[in-house]
Amino acid sequence: MRSVLVAVLVSLLVSILSTPVAIRLFRSRGFGQEIRDDGPESHQSKRGTPTMGGAVIIVSAVVGYLAAHLLVSGPHRGPTATGVLLLYLFAGLGVVGFLDDFIKIRKQRSLGLNATAKFGGQLFVGVSFAILALRFKDGRGLSPASTHLSFVRDIPQISFGAVFFVVVAYVVISGASNAVNLTDGLDGLAAGSAAMVFGAYTAISFYQFRNACGTAVTGGCYQVRDPLDVALVAAAAMAACFGFLWWNATPARIFMGDTGSLALGGLLAGIAIVTKTELLLVVLGGLFVVETLSVLLQVGVFKLRRRRLFNMAPIHHHFELAGWAETTVIVRFWIIAGLAVAFGIGLFYAEFISYGLPG
């Protein structure tokens, strides 16, 4: 538990103290956000706000994770294969997002990488993570990921095989990263919502660590490799989001950009894969699912009936155009995100106690 607290504290301090430095640096370099011409009129005033703040989130989380290993001694000291792979996924998708943001700034347009380049970057990082996650078995024969579909643990009746697992893992990673990217349209909305889900995964991973197979727990134990290290990554990411949110809350002084949104979404997917809770992520990240579905429905209805289902998609813009204040939309969407997280944690715990409480 001490290592988790150290990861939180260090990551939070680095994030909240270094973000103002990034704001000054990015502003001096002219790294300002471009705004969609077809977006809400009120957003035009945000043009030029420093972006690529997601780099601060990534650095803060990595520093917090490493500090937890350096400052806390014990049998679990030292990075694990699972932790390193998650950080690779986190930083790798952050690089893809950084390139996207950088091109937007250089070309002075709201679109960065073309679809092929962005897809290729996500494909390389996601597939390489999935392949490596099936390797590096520990003494119990557990690798960071398994080839089974999972809800709150592996579903033994559904096995993909190594090749198809890589495809499924990429779909999960790409879907989650793009879902958070779509949600990142209002000040603090994505950072606050992601922090809640990372908080849930901190609790879930630590619970898996305390109830791992081979401990005193017998029924309902968890066959997960390096759950404590996963908790460190999730806790560090949560704290980094909260620190960044201090400056990203409305009126935002900096945006995370695709650098942050793609990285955060990808990390959520990676944590879901290694904790064997892939389907549970759909519940925990319910807000991100709603935002993504709103875009799909908008496009689908328009193609079929040549009319718009919402004023604008993603759905948070629909409520803005309906007259809601931006802060009202953000807070109410945070409430939805919190309810989804609470429901997801409830499902996780209910499944565990269905085996009978230990002792």
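## Buried cysteines

Buried here means under 20% relative accessible area. Keep that cut-off in mind, and also that this is a predicted model. Cys221 has a relative accessible area of 17%, so Cys221 counts as buried. Cys213 comes out at 17% as well, so Cys213 is buried too.

Turn the model to look along the S-S bond and you'll find a torsion of about 85°, so the disulfide is right-handed. Then there's Cys241, which is buried because its relative accessibility is 1%.

## Where α1 meets α2

Now for the helix pair. Helix α1 takes in residues 2-29 and helix α2 residues 54-71; their axes come within 7 Å of each other and cross at roughly 145°. The crossing is right-handed.

On the α1 side, the contact is made by Ser3, Val6, Ala7, Val10, Ser11, Val14, Ser15, Ser18, Thr19 and Ala22. Facing them from α2 are Val56, Ser60, Ala61, Val63, Gly64, Ala67, Ala68 and Leu71. Sort the residues of this contact by type and you get 11 nonpolar, seven polar and no charged.

Phe244 sits in helix α7, which covers residues 227-248. Its relative accessible area is 0%, so Phe244 is buried.

What does Phe244 touch once its neighbours within four places in sequence are left aside? The list is Ser15, Thr19, Gly53, Ile57, Ala191, Ile254, Phe255 and Met256. Two of those names, Ser15 and Thr19, also turn up in the α1 side of the contact with α2.

Last stop is helix α11, residues 315-321, where you'll find His317. Is His317 buried or exposed? With a relative accessible area of 7%, His317 is buried.

His317 also has a polar partner: its side chain makes a polar contact with the side chain of Glu320, at 3.0 Å.

Conventions
Residues numbered from 1 in each chain as written. Predicted model: local features only at pLDDT ≥ 70, side-chain atom pairs only at ≥ 80, totals over all residues. Heavy atoms only, no water. Axes fitted to C-alpha atoms, helices over the stretch in contact; angles between N-to-C directions. Helix = DSSP H or I, 4+ residues; strand = E, 2+ residues; numbered from the N terminus. Left-handed = near helix turned anticlockwise from the far one by under 90°. Contact = heavy atoms within 4.5 Å. Nonpolar A, V, L, I, M, F, W, Y, C, P; charged D, E, K, R; others polar. Buried < 20%, exposed > 50% of the residue type's maximum accessible area, 1.4 Å probe, protein only. Polar contact = N/O pair within 3.5 Å; in protein donor to acceptor, adjacent residues only side chain to side chain. Disulfide = S-S within 2.5 Å.
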